[in-house]
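Subject: Structure handover

Hello,

Here is the structure we talked about. Please load it first, then read the notes below.

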Amino acid sequence: MLSRRRFLQASSLLSLSPVLPKILENTARAAVAEGDERVLVVVQLDGGNDGLNTVVPFADDAYAKARSKLRLETDKLHKLHDQLALHPSMKGAKQLFDDGRLCIAQGVGYPNPDRSHFRSMRIWQTGSFDDDRHDSYGWLGSALDEVNRDRGDSSAAAVYVGDEQTPVALWARRSEATALARIEDMKLELGPLLTRPTDAAGKDASLEQFVSRQVLTAYAGAETFERRHSLLQSAATKYPDTTLGSRLGLISQLIQSGARARVYYTLQSGYDTHSSQLYTHARLLREFSEGIKAFLDDLKAAKLDDRVVLLAFSEFGRRVNENDSQGTDHGTAGPVFLAGSKVNAGLLGNAPDLVNLADGDLVMQMDFRQIYASLLEDWLGVSQLKVLGMTFAKTRVLAT
Amino acid sequence: MCAQNATTREPVWQPYEPCAEMPWNLERVVHLHRRAGFAAPWPRLEHDLAAGPRVAIDGLVRPDQAASGDFELMARTIGDAATASGSAERLKAWWLYRMLLTADPLGERLALMWHNHFATSNRKVQDPVRMREQNELFRKYGRARFGELLAAVLKHPAMLAWLDADSNRQGHPNENLARETMELFTLGIGNYSEQDIKEAARALTGWTIEGNAFALVEARHDAGEKSILGRRGTLSGDDLLRLLLEQPATAKRLAWRICNTLMGEGAIDQSAVAELAESLRAKELDIGWAVETVLRSRLFFSPANMRSRVLGPAEFVVGSLRALELNEPPPSTLLLAEWTARMGQDLFYPPNVGGWNEGRTWLASRMIVARANFAAALAEGRLWHPARQVQIQELARRHGGANDLRQAAVWFAKLFFGNESPANVEEAVAAAEAGASDHSGAHLVALFLARPEYQLA
């Protein structure tokens with residue numbers, strides 16, 4: 001290993017340069033100006049989350065009847081009111097709820113539900129039922145295309161955080177979606193020496209000035225990032241040591257470092273609980289709940305919570321009746337979560353109707369595109385018609 | 001002739017002739033190779049410096065393919081293994097292998113340009129065989145008449161799958177192929193109406209893939225009357241391509257693409273592009289002719305065009321290894337593919353049909369960090385399996401007679417920039433000494449690669 005640390009200690013020229021602080025100050029200011037826009041963070045709960053054991057209608061006798069093995073004990077639940085409660089492992093989410101930072105939209109789905117993971121996910125990600133469009137552009141990619149078209153540039157971009165392939169939700173005609181898997185991608189292993197005075201003033205500086213400034217800023221930013229990252233380990237806000245926790249931590253770091261992305265997307269996998277669901281589902285919901293709690297607290301501490309809304313969805317819920325393997329099979333509508341200081345906190349829609357089912361499945365109360373419509377128009381500032389091709393009555397998921 | 005004649009108007013793309021103000025020096029040799037051919041090793045620079053611009057450019061536009069039989073054989077073996085495995089990663093590695101060891105670096109550079117022009121992603125095509133075939137088209141027709149390239153690429157399964165040709169049927173048009181063909185591949189935005197796109201989509205109905213090849217299914221083709229760009233008739237897909245190739249806007253977009261690749265930011269104005277486009281029309285859109293004209297031009301070697309273009313990730317990675325003669329034995333090209341992806345250029349996976357934006361957008365913070373980290377990995381021999389110690393100091397000694405760090409720095413500056421700017425040398429030496437590393441020659445080279453100046457060609 002080239003000794004980066006030793007190198008930085010020795011690189012006194014760096015600190016002696018009289019021009020450097022001014023440059024960094026300028027670029028830091030520029031970064032804030034560029035990065036003060038609203039951000040949407042999407043968490044995909046992959047595999048089909050069992051909504052009934054997430055937002056639990058504990059007072060409904062039909063729940064106990066449908067879930068003889070998987071029924072969650074009432075006294076361990078986190079009560080939202082006298083009918084509904086969150087899963088026992090969702091303490092963090094309950095705190096967010098009480099704190100006015102969590103909105104739960106109930107019974108969200110779409111007409112003629114499809115029980116294929118693949119197709120249903122494509123429907124959610126593209127907002128389209130047309131199979132021909134399932135490999136082209138996603139709802140968020142199209143939204144960013146609109147933002148960029150309105151502005152006449154390509155500055156609005158998306159970042160996918162994860163090892164998996166970038167989801168179709170972010171695919172766009174022009175806007176960029178980049179993937180970031182590792183925190184190492186942000187760390188500098190080489191400490192180059194940057195001493196040359198550079199005039200960073202002026203937006204249309206020469207190419208050479210631009211390159212120098214970009215390189216300087218990147219190296220200084222990587223330093224800051226690493227300092228922040230190590231600070232983070234000991235800070236009051238701790239991220240749970242889970243895949244989702246570290247992914248959300250990375251997203252927070254990116255937002256805090258002034259990255260320009262308008263949309264961040266990540267996923268938590270494992271929700272396809274066909275058998276022995278109790279333990280797995282409890283673990284998943286704990287990771288989810290603790291992850292978003294840590295994320296929102298972190299952003300709040302950084303005074304960025306006004307700029308960020310988090311959306312969590314799954315491609316479908318699961319069947320009302322448990323199966324014979326102590327699990328549940330693919331179902332239909334389920335809860336969608338919106339979290340942040342700017343959401344319309346509380347429960348939207350009614351508790352699930354476990355009596356009037358369609359084919360043994362919950363009937364949807366709300367089309368997911370009604371939520372998209374609200375986020376598109378009232379958060380990202382683009383026309384829902386242009387993105388979704390139709391106009392929906394917006395579900396009020398954001399605080400007014 | 002060096003001085004511009006004030007009274008008679010010289011042709012914009014007049015050939016470069018060395019003169020007092022614009023001498024044929026090492027800087028220009030380095031410029032030529034970094035811009036047009038993934039950089040060059042020291043012996044090639046020395047040869048071209050002595051031989052003069054005509055011979056140097058001949059070497060790029062008409063490369064000596066005599067010695068490339070073994071290379072082609074090995075490249076084919078690697079490519080076949082990649083496609084047999086179905087692995088897109090190995091396909092990326094195959095292309096990087098070609099870029100590193102080819103005897104025709106300009107050909108690979110042009111293939112990369114066409115990959116960006118006809119940006120197709122395996123994300124949707126999901127077929128390394130088709131992606132490789134398309135890539136070979138970029139090589140086969142990369143210097144041909146543009147019409148041949150256009151037809152070959154559009155009528156290949158990779159593009160047909162990428163832009164939904166199969167769902168474009170009579171009565172149920174899918175405009176994807178028509179729109180991108182007009183907006184990106186030929187005319188450019190603003191040179192057609194939405195109605196033209198609708199009608200062009202009709203002309204392209206029936207195009208699909210059968211087996212593993214292009215097919216026209218007559219039953220799905222809309223043979224009705226259409227009106228595209230003012231032309232009326234029962235226009236077919238082939239008619240559409242002919243029509244597009246006749247348009248002045250297509251020549252202009254082609255000229256723009258070539259200039260955007262070979263000329264730097266602000267090096268030329270719109271009139272130069274327009275002039276090249278005019279000549280291209282007279283030459284039946286002969287790509288090779290235009291490339292050669294640009295490379296031989298006075299504009300190409302003018303100070304305004306020097307170090308005025310941001311190197312793309314593949315150019316950065318491949319160019320560094322070629323210049324430093326670290327391409328034999330080649331590093332793990334699988335690792336190189338990961339590095340270029342980290343720098344923002346995931347080969348065979350362009351971000352969308354518009355391709356990479358290039359230029360200044362290559363310098364987002366994360367991408368710069370990746371470049372610096374690549375430099376560290378190169379210096380530490382971590383690009384090879386197993387990791388090995390790179391003999392960079394030895395190279396500086398052999399070619400530059402360098403016996404110490406400072407002399408090595410002077411030689412690196414010549415190899416990378418064609419001159420020895422004191423700032424480059426002094427700062428790099430100070431940094432390398434401060435680093436107190438065991439292999440300081442390698443460390444020194446990493447510091448050069450991470451410098452702002454190195455990002456430009």
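A residue counts as buried when its relative accessible area is under 20%, as exposed when that value is over 50%, and as partly exposed in between. Cys103(A) has a relative accessible area of 0%, so Cys103(A) is buried. Cys259(B) comes out at 5% and is therefore buried as well. One caution before the rest: this is a predicted model.

Cysteines

How many disulfides are there over all chains? The count is zero.

The interface

Chain B puts 49 residues in contact with 47 residues of chain A. Between them, the two chains bury about 4100 Å². Carbon and sulfur atoms carry 57% of that area. Which three residues supply more of the area that chain B buries against chain A than any other three? They are Arg123(B), Arg360(B) and Arg366(B), with 16%.

Ten residue pairs are in polar contact across the interface of chain B and chain A, with both residues at pLDDT 80 or more. Five helices of chain B each supply at least two residues to the side that touches chain A: H7 (122-125), H11 (176-185), H19 (365-379), H22 (422-435) and H23 (440-449). H19(B) gives the most, with eight residues. By type, that side of chain B divides into 20 nonpolar, 13 polar and 16 charged residues.

There are five salt bridges between chain B and chain A. One salt bridge joins Glu183(B) to Arg174(A), with the closest N and O atoms 2.6 Å apart.

Salt bridges inside chain B

Over all chains, the search finds 63 salt bridges.

Lys92(B) and Asp346(B) form a salt bridge, and their closest N and O atoms are 2.7 Å apart. This pair links distant parts of the chain, 254 residues apart. Lys92(B) is in helix H5 (residues 88-101), while Asp346(B) is in the loop between helix H18 (333-342) and H19. Are the two partners buried or partly exposed? Lys92(B) has a relative accessible area of 5%, so Lys92(B) is buried. Asp346(B) has 22% and is therefore partly exposed.

Next come Arg179(B) and Glu194(B), whose side chains meet in a salt bridge at 3.0 Å, N to O. Arg179(B) lies in helix H11 and Glu194(B) in helix H12 (residues 194-203), so the pair ties together parts that are 15 residues apart in sequence. At 18% relative accessibility, Arg179(B) is under the 20% cut-off and so counts as buried. Glu194(B), at 42%, is partly exposed.

Arg309(B) counts as buried at 8% relative accessibility. Glu358(B) is buried too, with a relative accessible area of 13%.

Finally, the network. Salt bridges link Arg54(B), Asp58(B), Arg62(B), Glu292(B) and Arg296(B).

Best wishes

Technical notes. Residues are numbered from 1 along each chain as its sequence is written. Chains are lettered from A and ligands numbered from 1 in the order in which they are written. This is a predicted model: local features need pLDDT of at least 70, side-chain atom pairs count only at pLDDT 80 or more; totals for chains, interfaces and linings use all residues. Side-chain values use heavy atoms; hydrogens and water are left out. Contact means heavy atoms within 4.5 Å. Buried area is the accessible area (1.4 Å probe) that two parts lose on being put together, summed over both. A salt bridge is a side-chain nitrogen of Lys or Arg within 4 Å of a carboxyl oxygen of Asp or Glu. A polar contact is a pair of N or O atoms within 3.5 Å; within protein, one must be able to donate a hydrogen and the other to accept it, and residues adjacent in sequence count only if both atoms are side-chain atoms. Helices (H or I, at least four residues) and strands (E, at least two) are DSSP runs, numbered from the N terminus. Ala, Val, Leu, Ile, Met, Phe, Trp, Tyr, Cys and Pro count as nonpolar, Asp, Glu, Lys and Arg as charged, and the others, Gly among them, as polar. A disulfide is a pair of cysteine sulfur atoms within 2.5 Å. Buried means under 20% relative accessible area, exposed over 50%, partly exposed in between (1.4 Å probe, protein chains only).
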